[in-house]
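I opened the viewer today to look up a few things and jot them down. Here are my notes, in the order I took them.

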Amino acid sequence: MTKLLLDYVKDAKTIGISGHIHPDGDCIGSVLSCYMYLKNALPLATIHAYAESVSNSFTMLSRVEELDTSYSFPEEPYDVFISLDCGSIDRLGRCQDEFLRAKRTVSFDHHITNTNFADENIVNAAASSTSEVLFDHMERELIDLPIAEALYLGIMHDTGVFKYSCTSEKTMCTVGYLMSKGIDTASLVDKSFYMKSFIQLKTLGCALSKAELGLGGKMIYTILTQEDIAKIGARMTDTEGIVSELRTTEGVEAAVFIREEAPGIYKFSLRSNGLVDVSTISSSFGGGGHKMAAGFTAEGSLDEIFTQVSAMIMLQI
């Protein structure tokens with residue numbers, strides 16, 4: 001019998017929730033849906049959910065403004081701290097210490113590279129997304145429209161609007177149930193996945209203008225430096241989705257988007273069209289993900305790091 005989400009927080013008076021650094025759609029969707037679900041089910045509990053930032057693409061979700069982006073932690077440790085969509089504890093970023101001092105910890109995830117760092121680890125690598133994993137542990141009658149929208153958005157983003165190979169028959173059954181709650185799917189897909197601000201378009205344009213092909217046209221890559229981002233007036237969240245655009249290039253097996261986080265520190269986002277397992281590449285640099293999508297942050301010489309990544313891709317094509 002499947003253990004329910006409420007079973008993991010039984011008797012808890014204080015609950016903390018967080019996803020990974022640089023949150024994407026699945027991260028925000030799972031964190032927000034978990035937060036709303038527990039707030040509705042446990043009105044007497046103190047529940048806080050944290051997010052490093054929230055992209056403009058997700059601001060249409062109910063109660064998203066309640067996510068704490070300032071990281072205001074209580075003096076006393078949480079009774080339970082829930083990690084969502086994190087393959088390893090360092091991915092919790094500023095919530096890592098808070099997670100470690102919690103009385104009990106729980107992790108829901110779908111990354112095959114998960115290190116099982118919590119007291120209780122609910123990891124399903126066959127699931128499309130952490131939002132799908134979380135749905136499996138929710139009582140159906142407690143899922144209202146706002147929760148359904150957040151879960152739908154999370155699944156939608158990690159499946160590339162249901163076209164990636166991680167989309168299973170079970171995924172579509174889950175999505176069908178969520179739609180039965182009354183989601184305006186056309187609007188949600190358009191606003192959160194396709195619609196971009198002018199700044200996001202300029203950021204994408206800059207990245208595409210700098211793109212290059214490598215490995216005989218089997219790899220595409222580009223980089224945005226801090227200078228590029230500052231010149232456009234963009235935020236880090238405005239770079240989301242660039243690597244997915246690169247992946248659609250004809251003949252390409254792997255896409256690499258590099259973002260300079262600070263001098264000598266680079267965030268690599270990797271995508272595959274099926275032949276390359278990018279999770280193995282990411283894991284070798286201390287990152288995580290799954291076969292089709294992964295990422296890591298590395299410090300050092302960009303040329304040296306990129307050369308290593310290219311060599312690992314070349315061995316798989």
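The entries below go from ground rules to a helix, a sheet and a few single residues.

**Ground rules.** I am working with a predicted model, in which local features need pLDDT of at least 70, side-chain atom pairs count only at pLDDT 80 or more, and totals for chains, interfaces and linings use all residues. Residues are numbered from 1 along each chain as its sequence is written, and side-chain values use heavy atoms, with hydrogens and water left out.

**Helix 8.** I took helices (H or I, at least four residues) and strands (E, at least two) as DSSP runs, numbered from the N terminus.

Next I asked which residues of helix 8 are buried. They are Gln 200, Thr 203, Leu 204, Cys 206 and Ala 207. My cut-offs: buried is under 20% relative accessible area, exposed is over 50%, and partly exposed is in between (1.4 Å probe, protein chains only). Seen down the axis, the buried residues of helix 8 fall within an arc of 160°, so they line one face. The arc is taken from the directions that run from the helix axis to the C-beta atoms. A reminder to myself: an α-helix has 3.6 residues a turn, so residues three or four places apart point the same way.

On the other side of helix 8 I found Phe 198 and Ser 209 exposed. The buried residues pack against strand 7 (219-224), helix 9 (226-232) and helix 10 (242-247); contact means heavy atoms within 4.5 Å.

I then traced an open sheet of 6 strands, with order 6-7-8-9-11-10 and mixed pairing. Two strands pair if DSSP finds at least two bridges between them. Strand 6 (212-214) and strand 10 (288-290) are the edges, each pairing on one side only. Neighbouring strands are turned by 20° against each other on average, direction ignored.

Axes are lines fitted to C-alpha atoms, for helices over the stretch in contact, with angles from 0 to 180 degrees between N-to-C directions.

**Asp 79.** Where is Asp 79 found? I located it in the loop between strand 2 (46-50) and strand 3 (80-84). Asp 79 has a relative accessible area of 14%, so it is buried. Leaving aside neighbours within four places in sequence, Asp 79 is in contact with Ala 12, Lys 13, Thr 14, Lys 103 and Arg 104. The backbone nitrogen of Lys 13 lies 2.8 Å from a polar atom of the Asp 79 side chain.

**Positive phi.** Tyr 71, in the loop between strand 2 and strand 3, has phi near 60°, a positive value in a residue other than glycine. Tyr 71 counts as buried at 10% relative accessibility. Leu 215, in the loop between strand 6 and strand 7, has a positive phi of about 55°, and at 27% relative accessibility Leu 215 counts as partly exposed.

Key
A polar contact is a pair of N or O atoms within 3.5 Å; within protein, one must be able to donate a hydrogen and the other to accept it, and residues adjacent in sequence count only if both atoms are side-chain atoms.
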